[in-house]
Amino acid sequence: MPATRTVLLTGAAGGLGTLMRGLLPAYGYELRLFDMAPVDGEPAAVTAELADKQAVREAVRGVDAIIHLAGISLEAPFDKILRANIEGTYNLYEAAREEGVGRIVFASSNHAVGFTPRPQGTAPLDASALIPVHTPRRPDTLYGLSKCFGEDLAQLFWDLHGVETVSVRIGSCFMEPSSVRMLSVWMSPGDGARLFHAALTAGDVGHTVVYGSSANTRLWWDLSTARALGYEPQDDSEQYAEKLIAEQGELDPANPDHAHLGGHFCTHPPMWPC
Ligand code: NAI
Ligand code: 15L
């Protein structure tokens, strides 16, 4: 694909959007920003809901690619998930198709496979024990289910319309991991930007599903599809392990909160404030 320069960043006001606004321009991207909330210090950002088809279509017009982060990022009542994550993502894909945008990077989530039992064993796990991207989807929430929809929508738009997507099943992308579980699924912001850049620039991705995390010593899943895009993670959560384990203890296989990839989303999912 031609060099991608102008990228629409949806969800630009959110946590990950804010991190990526800081990091992606260094890769040469010009970002167009979109969010239903105002974006701090960015008066040119488009403030609109994904439900507003006209606003979405105008935001998409003329960009080379889209990083789609906007949506409800935790568990929520189904009507909210339906509007933001299901209909909203559909509106974005339809606008991309109509405007001839060839590539989307979709923020999927580990919660699309959250009820997958977490692999047991001493870290680092053998490659054969890591969860592959083709593991059956087992959403742990309505939120996770909406990410399964997004991945299938991406596949349909590739097969039917030739719109390419990299679906990134993000683990936990924050400045630092804050739980022992996150030692396994953390993606540093720097690695997040590296992965998004790889997803924007790799050739012929069709619809590719990857896990999004750093090269953590305690990794649970297989990063090979991400690496095949050219992603070379630089960070490892292990530097935080001693402190977090001293505070919280090791993961306990008998504790239902620790039994699955999705952690406490499988038992007590945090609710989106709505
Ligand atoms: P966030 O909740 O901080 O940001 C989401 C942004 O989307 C917010 O600024 C919100 O105003 C906007 N938004 C929500 N509904 C919208 C709508 N209907 N129309 C327009 N804008 C809307 O979430 P965060 O952490 O920044 O995550 C970004 C994306 O990455 C989400 O799709 C989330 O599901 C996904 N993700 C994030 C992970 C993480 O560790 N941060 C892990 C896995 C997935
Ligand atoms: C997600 O999908 C959420 O959007 C994020 O806020 C974190 O909770 C993350 O998963 C996680 O699993 O830690």
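A polar contact is a pair of N or O atoms within 3.5 Å; within protein, one must be able to donate a hydrogen and the other to accept it, and residues adjacent in sequence count only if both atoms are side-chain atoms.

First, the ground rules. This is a predicted model, where local features need pLDDT of at least 70, side-chain atom pairs count only at pLDDT 80 or more, and totals for chains, interfaces and linings use all residues. Residues are numbered from 1 along each chain as its sequence is written, chains are lettered from A and ligands numbered from 1 in the order in which they are written, and side-chain values use heavy atoms, with hydrogens and water left out.

Now, ligand 2. A polar side-chain atom of Asn110 lies 3.1 Å from one of its oxygen atoms. For Tyr143, a side-chain N or O atom is 2.6 Å from an oxygen atom of ligand 2. For Ser172, the distance from a polar side-chain atom to a ligand 2 oxygen is 2.5 Å. How much of ligand 2 does the protein bury? Taken alone, ligand 2 exposes 320 Å², and the protein buries 83% of that. Those areas come from the Shrake-Rupley method with a 1.4 Å probe; for residues, only the protein chains shown count as cover.

Who else surrounds ligand 2? Among them are Leu74, His111, Arg181 and Phe265. Being near means that a heavy atom of the residue lies within 4 Å.

Next, ligand 1. It has 27 residues around it, and Leu16, Asp35, Ser73, Tyr143 and Cys173 come nearest. Here we look at backbone atoms. A backbone N or O atom of Gly14 is 3.1 Å from an oxygen atom of ligand 1. For Gly15, that distance is 2.9 Å. For Gly71, it is 3.2 Å. Ligand 1 exposes 830 Å² when taken alone, and the protein buries 90% of that.

Last, the cysteines. How many disulfides are there? A disulfide is a pair of cysteine sulfur atoms within 2.5 Å. By this rule, the count is zero. Cys266 is in no disulfide, and the nearest cysteine sulfur, that of Cys148, is 12 Å away. Is Cys266 buried or exposed? Buried means under 20% relative accessible area, exposed over 50%, and partly exposed in between (1.4 Å probe, protein chains only). Cys266 has 15%, so it counts as buried. Cys173 is also buried, at 8%.
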